Structure formats: structure tokens, C-alpha cells
Amino acid sequence: MLELYHHNLSVCAQKVRLALAEKGLDWEDRHVDLMKSEHLTPEYLALNPKGVVPTLVHDGTPIIESTIILEYLEDAFPEPSLRPADPVERARMRVWTKWPDDGLHAACGTVSYAAAFGEQIVAFHGAAALEDRIANLPDRARAARQKELYEKGMKASFLPDHIRLQDKVLGEMERRLADHDWLAGDGYSDAECALLPYLWRLERLGLENIWGERPHVGNWFARCKARPSWDRAMESYPKYGGHDYDDDLKSRGIDLWPQFKAMLAA
Ligand SMILES: N[C@@H](CCC(=O)N[C@@H](CS)C(=O)NCC(=O)O)C(=O)O
């Protein structure tokens, strides 16, 4: 049996949900409410000492780290394969799947917290409970970033570098997709699973203009969204608590693109 401890909006969990959907695997839903700090309970930390989602539990054995979970799913359930057969293309796929672990994920977190999450988490917890939550995060570098984001929001010192990193990855993607249909090999692979959620996050924050002049990325994104896996893993996935982080931005008519655009131009 496969159980996925995850959160509906978590990009890392979305990577795994996409792979599960592409492979046609069924799984039991174990939703971890990050807002309510369920990822920091002793029970969850026993499964995932890093205190993050996702965790895949396969027949009782927990597997952590979304990139490693993607590899695990390939090893445990090889068909249909999400790994190119050719060794060079397989290496290329792994370079793409490494991006989130090499800074893209932290960059996405920064942009998301600055744009929407930070304000929502502060409002939900209040100052004192928030201090506790930050103090309990196992990853201290992440805790320091979150603290600054709660305090400074769009003025956080590392925000410009983090939007620039996302821009750089999109630039690499555009170069590859200019003469290939897929990021690696000749079909949808774990490279797609690993990067699609980051584009969706940018889109949901109203920042899709970041690939406005990158038509090949835009076409690839549209093609990936047209696959049945997208709907199953992403779009029609249930909202927990009845609302999403971007509802607020939309209902308040907030457009953050001009500020991010200025950071990219600086
Ligand atoms: N390297 C980890 C990162 C996991 C991660 O950062 N998950 C986020 C959600 S996307 C999380 O659990 N955040 C909780 C928090 O920041 O307190 C992975 O790829 O699984």
C-alpha cells in the first residue's frame, strides 16, 4: 500500500502526485495541515525528521525527499517509465530534477512567502505562536529565511536573488524546449514532474509573465497541463479548508508582477 503524507498546495508534494498520476498508482491520502503545524508533531517527525512534506510510506516504510521519492517510484514501479532510457538523457533528466534541491525550492518558498503565505501565516498564528513555530523548525536556514520574510515581506533582502534564480531556470528551459518537445529524452519524464509545480506556483501568484517572452516554455506548460495527470494531481485536487493561498491576491486585485519585473531588470 502507498500512503502519501502531503499538503494540497505543497510544490514538493505536487511533484510526487504528478508522478503517481502518470504511473497510474493509487495511494491513500494523509493530509498534513502545514498551517496548523501538523508537520512539526512528534508523530510526523518520527516519519520525516526534517519536518516537511511529502513523505511516501510504502508498505509501512517511509521514504522522504521528493526527488528521492521520484527515483524510488521508478525503482519500485518501473512501468510506465518516467526515466529516459538513454544514459545521457537520463543524466539530463537528473540535472533538471536537481534544480529544486539546488536552490529553486528555497527560491520558490521565498517568493511565495513574500507574495502571499507570510501574511496569511502571521494572521493565522499571531506573533507569540509564530515565534514557537519558527523555533521548532528542524532546518535552521529555512527558519532564518522565514523569520525575515514574516518581518519584511516583499522587502526581504534575498528576494531579488530568488526571483532571479527562477528566471535563470526558465531561461535554461526555454533553450532546451526551443528544439525539443520535452526537458529530457523524447517523452514526459521526472524532469516534468520536478519542475511543473514551480511554474504553477508562479502562475497562481500572478507572475506568469516571467515566461511571457519564452514561448517554448509556455507551449510545454500548456501541453503538460492537457494531460490527464495534471487534473488528477493538481487542478481538481481537493482544497483543504475551502480556500487557497491565491484567493486572497485575486479578491484583493493585487498584482505583484511590476515589483518582480523591476527586481529582474535591476
Ligand atoms: N527537500 C524537501 C523539501 C520539502 C519541503 O520544503 N516541503 C515544504 C512544502 S513544499 C514544507 O513541508 N514546508 C513546511 C515548512 O516550511 O514549515 C523535499 O523535496 O521533499
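Predicted model: local features only at pLDDT ≥ 70, side-chain atom pairs only at ≥ 80, totals over all residues.
**Cavities**

I started by asking how many cavities of 30 Å³ or more a search of the whole structure finds. The search turned up one.

Next I looked up the volume of the largest cavity, and it comes to about 50 Å³. Its lining is made of L104, Q166, V169, L170, M173, L195, Y198, L199 and L202. I checked which helices give at least two residues each to that lining, and found helix 8 (159-178) and helix 9 (190-204). Sorted by class, the lining of the largest cavity has eight nonpolar residues, one polar and no charged ones.

**The largest pocket**

On to the pockets. I noted about 1,300 Å³ of space in the largest pocket. I counted 49 residues in its lining, with S10, L34, Y113, F117 and R142 nearest the centre.

Which elements supply at least two residues each to this lining? I wrote down helix 1, helix 5, helix 7 and helix 12 (245-251). Helix 5 has the largest share, at ten residues. By class, I got 20 nonpolar, 16 polar and 13 charged residues in the lining of the largest pocket.

**The ligand**

Where does the ligand sit? I found it in the largest pocket. I then went through its surroundings: 14 residues make up the shell, and V53, E65, S66, H105 and R142 are the closest. Seven residues of that shell are nonpolar, five are polar and two are charged.

I also looked at where the shell comes from. Helix 1 (11-23), helix 5 (104-125) and helix 7 (140-152) each put at least two residues into it.

Then I checked some polar atoms around the ligand. E65 has a side-chain N or O atom 2.7 Å from a nitrogen atom of the ligand. For H39, a polar side-chain atom lies 2.8 Å from a ligand oxygen. Q146 places an N or O atom of its side chain 3.0 Å from an oxygen atom of the ligand. I looked up the area too: the ligand taken alone exposes 510 Å², and the protein buries 91% of that.

**The second largest pocket**

I moved on to the second largest pocket, which has a volume of about 210 Å³. It is lined by 17 residues, and Y113, A114, A115, A116 and E119 lie nearest its centre. Helix 5, helix 7 and helix 12 each give two or more residues to this lining. Helix 5 gives the most, with eight residues. My tally by class for the second largest pocket reads eleven nonpolar, three polar and three charged.

Last, the backbone. Most residues other than glycine have a negative phi, and most peptide bonds are trans. I went looking for exceptions.

The peptide bond from V53 to P54 is cis, with omega near 10 degrees. I located P54 in the loop between helix 2 (42-47) and strand 3 (55-58). V53 had already come up as one of the residues closest to the ligand.

I found another cis bond from E79 to P80, with omega near -10 degrees. P80 lies in the loop between helix 3 (66-76) and helix 4 (87-98).

I also noted S37, a residue other than glycine with a positive phi, near 60 degrees. S37 is in the loop between strand 2 (28-31) and helix 2.

Definitions and conventions
Residues numbered from 1 in each chain as written. Heavy atoms only, no water. Near = heavy atom within 4 Å. Polar contact = N/O pair within 3.5 Å; in protein donor to acceptor, adjacent residues only side chain to side chain. Areas by Shrake-Rupley, 256 points an atom, 1.4 Å probe, with all protein chains shown as cover. 1 Å grid on protein atoms, 1.4 Å probe; cavity = no way out; pocket = protein on both sides within 12 Å on 5 of 7 lines; lining within 4 Å. Sits in = over half its atoms within 2 Å of the grid points. Helix = DSSP H or I, 4+ residues; strand = E, 2+ residues; numbered from the N terminus. Nonpolar A, V, L, I, M, F, W, Y, C, P; charged D, E, K, R; others polar. Points joined across faces, edges and corners; volume = space filled by probe spheres on them.
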